[in-house]
Amino acid sequence: MVKLFVGNLPGEATQTELKALFEQFGRVTECDIIKNFGFVHMEDKKSADDAVQNLHQYILHGVAINVENSRGKPKASTKLHVSNLGDPCTPEELRSKFEAFGTVLECDIVKDYAFVHMETEEDALEAIRNLDTCEFKGVHGVTVNLELETVLVETTLSAQDIQTMLESSGRKAVLTGLGTNESRNLGAAVAMLSGEGLIQGVVRFLQASEDNCIIDGTLDGLSPGLHGVHIHEFGDLSEGCASCGEHYNPDGSSHGAPGDIDHHVGDLGNIFANDDGQAAFRMENERVKVWNIIGRSLVVDEKEDDLGQGNDSLSKITGNSGRRLACGIIARSAGLFENAKKICACDGVTIWEERECPIAGPERKRNKEHSANL
């Protein structure tokens, strides 16, 4: 029996028609479709060779499919996630780019992203260093230290996007710091948010320069759609989010969008939650200063913020974004390379266990559900 890999299958393809296609060249013992690729088992090598020769690049429902012998990946292989492919790209074109740096065992394109399996970790790292600007849009540099088990990524993407990319290789990743190479000590802060139901998340603030604060966060448990997010004047959670005060507004301005001339310093606009209820975001803000917001609170609201464009009086005060769903106190945090902790002194949870635990509470040591990008 010979196992064949069939890639780039169109969405309309069915198991029955794929099997019939291959049965022109010999007996098919098994046929399976998995999303946009599949596997066909032919009874003998000659039938398999004939199928590869005649069906590779065969047009099925207007799409050229790929047919080749299936090769098992050794355990030591390294899987890379390639995103933002942009213009139409064939598996052959993508494979050729990576083969310049080592042996490619498998290359599969899924819509606008792909997975490339390289034979050795060293080849994979070399491919990342050389292809990051064209194949990893938003990633400008990657430095890997195998001895310290660290990866330093220069990027404009959110921490959640980078973690997803790193973990697509089959390895777990934990964010241990956020900063800039130019100025690491201007200030950093973090807010651990929780609220109604299962809502929880982490938002980090980094003062990259005197006039630029990077705000990076991930929240889970939200309803799909847009939600207003604001810095509030008080870090008082004695009555939940209700005691956080109003939007942080030291200049007495009207409510508006972050880019407007007239808006609250605490107006951060909206974040978007996907169908799974997760919002991952990264924004830059000229008016937020980390040293002015430590001890205040961050609040996520029920509805979309109208950014001061509504027709009633509340639009210029709250943005009509509804109830306060989740909140957390903004606390000072370590910047890049300023915290080498491997274990939380308060409860003995390691950084690797922490990514699987709730943000706080007695279940930290027992709950194995993923929390938001810890």
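Which residue caps the N-terminal end of α2? Asp 44 does, with a side-chain oxygen 3.2 Å from the backbone nitrogen of Lys 46. The model is predicted.

## Overall make-up

The chain holds 7 helices and 20 strands. It has 374 residues, and 45% of them count as buried. The accessible surface is about 19200 Å². Carbon and sulfur atoms contribute 50% of that surface.

Contacts reach across the sequence. Take those in the chain with a separation of 6 or more: residues 24 or more positions apart account for 60% of them.

## The four-stranded sheet

An open sheet of 4 strands runs in the order β2-β3-β1-β6. The pairing is antiparallel. β2 and β6 stand at the edges, each with a single partner strand, so one side of each has no neighbour in the sheet. Neighbouring strands are turned against each other by 20° on average, direction ignored.

Inside the sheet, β1 and β3 pair in the antiparallel sense over 5 bridges. Leu 4 stands opposite Val 40 in β3. Two helices pack on this sheet. α1 touches β1, β2, β3 and β6, and its direction makes about 140° with that of β2. α2 touches β1, β3 and β6, and its direction makes about 15° with that of β1.

## Helix α1

Which residues of α1 are buried? They are Leu 18, Leu 21 and Phe 22. Seen down the axis of α1, they fall within an arc of 90°, so they line one face of the helix. An α-helix has 3.6 residues a turn, so residues three or four places apart point the same way.

The buried residues of α1 pack against strands β1, β2 (28-34), β3 and β6. They also pack against helix α2.

## Helix α2

Helix α2 covers residues 45-55. Its buried residues are Ser 47, Ala 48, Ala 51, Val 52 and Leu 55. Down the axis of α2 these fall within an arc of 135°, so they too line one face of their helix. The other side carries Lys 45, Lys 46 and Gln 53, which are exposed.

What do the buried residues of α2 pack against? Their partners are β1 (2-7), α1 (15-22), β3 (37-42) and β6 (66-69). Asp 44 caps the N-terminal end. Gln 57 follows the helix, and its phi is positive, near 70°.

## The three-stranded sheet

Another open sheet has 3 strands in the order β7-β9-β8, with antiparallel pairing. Its edges are β7 (78-82) and β8 (104-110). Each has a single partner strand, so one side of each is left without a neighbour in the sheet. The twist averages 15° from one strand to the next.

β8 pairs with β9 (residues 113-118) in the antiparallel sense, over 6 bridges. Val 104 stands opposite Met 118 in β9. Helix α3 (residues 91-99) packs on the sheet and touches β7, β8 and β9. The direction of α3 makes about 140° with that of β8.

Is Asn 212 buried or exposed? Asn 212 counts as buried because its relative accessibility is 18%, below the 20% cut-off. This residue is found in strand β14 (residues 212-220). Its side chain makes a polar contact of 3.1 Å with the side chain of Glu 284. Leaving aside residues up to four places away in sequence, Asn 212 touches Leu 206, Gln 207, Glu 284 and Asn 285.

Ser 253 is found in the loop between β16 (238-241) and β17 (267-273). With a relative accessible area of 17%, Ser 253 is buried. A polar contact of 3.5 Å joins its side chain to that of Asp 262. Residues up to four places away in sequence again set aside, Ser 253 touches Asp 262, His 263 and His 264.

Note on methods: Residues are numbered from 1 along each chain as its sequence is written. This is a predicted model: local features need pLDDT of at least 70, side-chain atom pairs count only at pLDDT 80 or more; totals for chains, interfaces and linings use all residues. Side-chain values use heavy atoms; hydrogens and water are left out. Buried means under 20% relative accessible area, exposed over 50%, partly exposed in between (1.4 Å probe, protein chains only). The arc is that of the directions from the helix axis to the C-beta atoms. Contact means heavy atoms within 4.5 Å. A polar contact is a pair of N or O atoms within 3.5 Å; within protein, one must be able to donate a hydrogen and the other to accept it, and residues adjacent in sequence count only if both atoms are side-chain atoms. Accessible areas come from the Shrake-Rupley method with a 1.4 Å probe; for residues, only the protein chains shown count as cover. Two strands pair if DSSP finds at least two bridges between them. Axes are lines fitted to C-alpha atoms, for helices over the stretch in contact, and angles run from 0 to 180 degrees between N-to-C directions.
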